[in-house]
Amino acid sequence: MIYLHDIDPIAISLGPVKVHWYGIMYLLGFTAAWWLGRRRIAAGRLPGVDANGFSDLLFYAMLGVVVGGRVGYMLFYALGDFLHNPLLLFKVWDGGMSFHGGLLGVLFASWYWSRRHRLHLGDTIDFMAPLVPLGLGFGRIGNFIGAELWGKYTDGTWGVVFPSGLPSPLNQLDMPALREQFATGALNQFARHPSQLYEALLEGLVMFVVLWAVSATPRHRYLVSGLFALMYGVFRFAVEFVRMPDNGVYLAFDWFTRGQLLSLPLVVLGLVLLALSRRAPVLQPVLPVTPATAGSKA
């Protein structure tokens with residue numbers, strides 16, 4: 001079924017203040033990570049860390065996502081523009097975030113936090129890995145609502161007509177005129193793969209279900225984070241075949257994209273971590289000490 005994208009990216013307008021759905025999706029992602037993380041902390045899945053310590057970790061991770069994601073985007077996808085005008089780095093309202101940059105930011109934040117709390121980085125990232133996919137899924141839904149990062153044309157029985165992806169002069173028409181054109185079937189030839197939703201399903205729902213199930217019981221160090229890196233790398237590499245390349249530019253072969261190039265190291269990293277996990281120790285849960293439990297022991 002062909003669908004005409006007709007969703008307002010602005011969720012709430014309060015005078016000059018406009019709240020975009022993309023921002024709400026970010027908030028939902030962080031809220032889900034906070035709720036899931038609190039459950040894991042209460043179960044003692046990161047020994048020696050209480051709810052306050054986890055709140056600090058999540059705060060550092062949020063900074064890592066935002067700063068790393070923005071810096072990564074400018075370096076990976078808009079280096080020329082950034083060198084011409086470095087102030088573009090701060091114009092986050094214009095859009096532009098990189099998952100790979102955000103991942104590096106989270107890894108750095110996790111390393112810094114782990115060092116302060118004298119914990120092994122591997123245990124920290126294993127703890128964090130199952131908390132991330134839902135945020136990725138919400139983010140991809142935000143991309144879909146905002147009609148960005150759409151896929152290539154499809155002649156299948158499904159597809160989405162994105163107004164911003166139409167050729168000129170169709171992309172200059174207002175929505176009522178586009179609805180009239182769509183009703184006649186004139187726009188069906190411009191239907192695209194909803195690659196954002198493919199990624200929301202794979203990187204969000206599938207990865208969450210797998211990682212949450214695997215991490216439900218104590219596992220060897222690096223196993224959960226290795227699965228995260230491997231699955232994301234494979235899923236992203238696959239979806240890139242039906243997603244328009246960033247800035248419309250292929251790196252090679254008229255199909256190899258920058259997203260695929262950046263995903264290959266994740267596949268390798270995932271395989272390395274899985275190999276290391278075979279001889280790594282298993283972190284056993286230790287329930288956090290609370291005033292009630294401390295009093296009972298006394």
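## The model

This is a predicted model, in which local features need pLDDT of at least 70, side-chain atom pairs count only at pLDDT 80 or more, and totals for chains, interfaces and linings use all residues. Residues are numbered from 1 along each chain as its sequence is written, and side-chain values use heavy atoms, with hydrogens and water left out.

The protein chain has 11 helices and four strands. Helices (H or I, at least four residues) and strands (E, at least two) are DSSP runs, numbered from the N terminus. The C-alpha trace spans about 75 × 50 × 45 Å along its principal axes. The chain has 298 residues, and 42% of them count as buried. Buried means under 20% relative accessible area, exposed means over 50%, and partly exposed lies in between (1.4 Å probe, protein chains only).

Contacts tell us about the fold. A contact means heavy atoms within 4.5 Å. Take the contacts with a separation of 6 or more: residues 24 or more positions apart account for 76% of them.

## A network of salt bridges

The structure holds eight salt bridges. A salt bridge is a side-chain nitrogen of Lys or Arg within 4 Å of a carboxyl oxygen of Asp or Glu. Three of them are listed here.

| Salt bridge | Distance, N to O |
|---|---|
| Glu-199 and Arg-140 | 3.3 Å |
| Arg-236 and Glu-199 | 3.9 Å |

Start with Arg-140 and Glu-203. Arg-140 lies in helix α6 and Glu-203 in helix α8, so the pair ties together parts that are 63 residues apart in sequence. Arg-140 counts as buried, at 10% relative accessibility. Glu-203 is buried too, with a relative accessible area of 0%.

Now take Glu-199 and Arg-140, which form a salt bridge. Glu-199 is in helix α8 (residues 195-214) and Arg-140 in helix α6 (residues 133-145), and the two are 59 residues apart. Both Glu-199 and Arg-140 are buried.

Glu-199 also meets Arg-236. Arg-236 sits in helix α9 (residues 223-239) and is 37 residues from Glu-199 in helix α8. Both of these residues are buried. Salt bridges that share partners join Arg-140, Glu-199, Glu-203, Arg-236, Glu-240 and Arg-243 into one network.

## Two helices that cross

Two packed helices are described by the angle between their axes and the distance between the axes. Helix α2 (residues 51-76) and helix α5 (residues 121-128) pack at about 80°, with axes 13 Å apart. Axes are lines fitted to C-alpha atoms, for helices over the stretch in contact, and angles run from 0 to 180 degrees between N-to-C directions. The two helices are therefore roughly perpendicular. That word covers 65 to 115 degrees; under 35 counts as roughly parallel, over 145 as roughly antiparallel, and the rest as oblique.

Which residues in α2 meet which in α5? Phe-54, Leu-57 and Ala-61 in α2 meet Thr-124, Phe-127 and Met-128 in α5. The contact residues divide into five nonpolar, one polar and no charged. Here Ala, Val, Leu, Ile, Met, Phe, Trp, Tyr, Cys and Pro count as nonpolar, Asp, Glu, Lys and Arg as charged, and the others, Gly among them, as polar.

Leu-107 belongs to helix α4 (residues 99-117). Leu-107 counts as partly exposed, at 30% relative accessibility. Leaving aside neighbours within four places in sequence, Leu-107 is in contact with Leu-121 and Ile-125.

## A hairpin

Strand β2 (residues 10-14) and strand β3 (residues 17-20) pair in the antiparallel sense over four bridges. Two strands pair if DSSP finds at least two bridges between them. Ile-10 has His-20 in β3 as its bridge partner. The strands form a hairpin with two residues between them, and Gly-15 in the turn has a positive phi of about 65°.

Most residues other than glycine have a negative phi, and most peptide bonds are trans. Leu-149 is not a glycine, yet has a positive phi of about 60°. Leu-149 lies in the loop between α6 and β4 and is partly exposed, at 31% relative accessibility.

Phe-253 has a positive phi of about 65° and is not a glycine either. Phe-253 is in the loop between α9 and α10 (258-277). Phe-253 is exposed, with a relative accessible area of 62%.

The peptide bond from Ser-168 to Pro-169 is cis, with omega near 5°. Pro-169 is found in the loop between β4 (159-161) and α7 (175-183).
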